[in-house]
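Subject: Structure handover

Hello,

Here is the structure I promised to pass on. Please open it first, then read my notes below.

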Amino acid sequence: MSTTPTGATAQERKLLEAARGGDADAFGRLVDPHRKELRAHCYRMLGSVEDADDALQEALLRAWRGLQKFEGRSSLRSWLYRITTNACLDVISRRPKRVLPMDHGPAAGVGDDLGDPLTESAWVGPYADDQIDDGHAGPDARYERRESVELAFIAALQHLPATQRAALILRDVLGFSAREAAEALETTVASVNGALRRARKAVAEKLPGQSQQATLRALGDDGIREVVERYIDAWERGDVDAILAMLAE
């Protein structure tokens, strides 16, 4: 017998029952508050906005089809993350790893053959800031959320085996407990903890000494504004040397 999740509001319970009865509009209203964060989760797992959109679409289709099996023993959000994580793992098992260009292979020398063209994109792509769900978060929380989709971090994640990647994101980025992560990955708490230790070590070796968000946080709003003004001024003056110096800095 289906139940509703503990802690669900009256509106959520009403939408859930309507969705179970086949109301697609109710299902959409039920999952819409989670859509942005689930999309960001797919991006962290897959390193590509296009792949993230495809995985999210597949995950929501699975959720719609499996809604009758949702027993309410966890929150709807946790249940959606479980389905979405497994949709991403399926994508990872079917396609090549996405990397930065420098990680794809050694640099070619002058006069070297260019080699065979890639039949599909192999690169990690950026994530637009306006797609990050900041809500009413304070400045520190906003920096943390942007850091979680920063290109260097996403590129480092792509070097991890799929299960380690999922464990790190679920535990360190999303703050799920070891038990919740184990349920999402259909494994044991001990396995999740082991995967997390290995993932943390591997990612630490790949990340730069200071993240872009840490640099921005250190500059502060006034410092960032001053850098932007210097860049705009150099651009308007056509001062290529000044622009190059700023980029190098």
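Start with helices H8 (residues 162-173) and H9 (residues 178-185). They pack at an angle of about 140°, and their axes are 10 Å apart. H8 is therefore oblique to H9. Oblique is what remains once angles under 35 degrees (roughly parallel), over 145 (roughly antiparallel) and 65 to 115 (roughly perpendicular) are taken out. Axes are lines fitted to C-alpha atoms, for helices over the stretch in contact, and angles run from 0 to 180 degrees between N-to-C directions. Helices are DSSP runs (H or I, at least four residues), strands likewise (E, at least two), numbered from the N terminus.

On the H8 side, Thr163, Ala166, Ala167, Leu170 and Arg171 make the contact; on the H9 side, Ala178, Ala181, Ala184 and Leu185 do. Contact means heavy atoms within 4.5 Å. By class, that contact has seven nonpolar, one polar and one charged residues. Nonpolar covers Ala, Val, Leu, Ile, Met, Phe, Trp, Tyr, Cys and Pro; charged covers Asp, Glu, Lys and Arg; the others, Gly among them, are polar.

Two notes on the source. This is a predicted model: local features need pLDDT of at least 70, side-chain atom pairs count only at pLDDT 80 or more, and totals for chains, interfaces and linings use all residues. Residues are numbered from 1 along each chain as its sequence is written, and side-chain values use heavy atoms, with hydrogens and water left out.

H9 also meets helix H4 (residues 76-94). Their axes come within 8 Å and cross at roughly 50°. That makes H4 oblique to H9. This contact has three nonpolar, three polar and three charged residues. Arg82 of H4 and Glu180 of H9 are among them.

Now the whole protein. Its secondary structure comes to twelve helices and zero strands.

Last, the rings. The structure holds five aromatic pairs. One is tyrosine 231 with tryptophan 235, stacked at 6.3 Å centre to centre and 25° between the planes. Rings of Phe, Tyr and Trp (its six-membered ring) pair if their centres lie within 6.5 Å; planes under 30 degrees apart are stacked, over 60 edge-to-face, the rest tilted. Tyrosine 231 is partly exposed at 33%, while tryptophan 235 is exposed at 59%.

Best wishes

Key
Buried means under 20% relative accessible area, exposed over 50%, partly exposed in between (1.4 Å probe, protein chains only).
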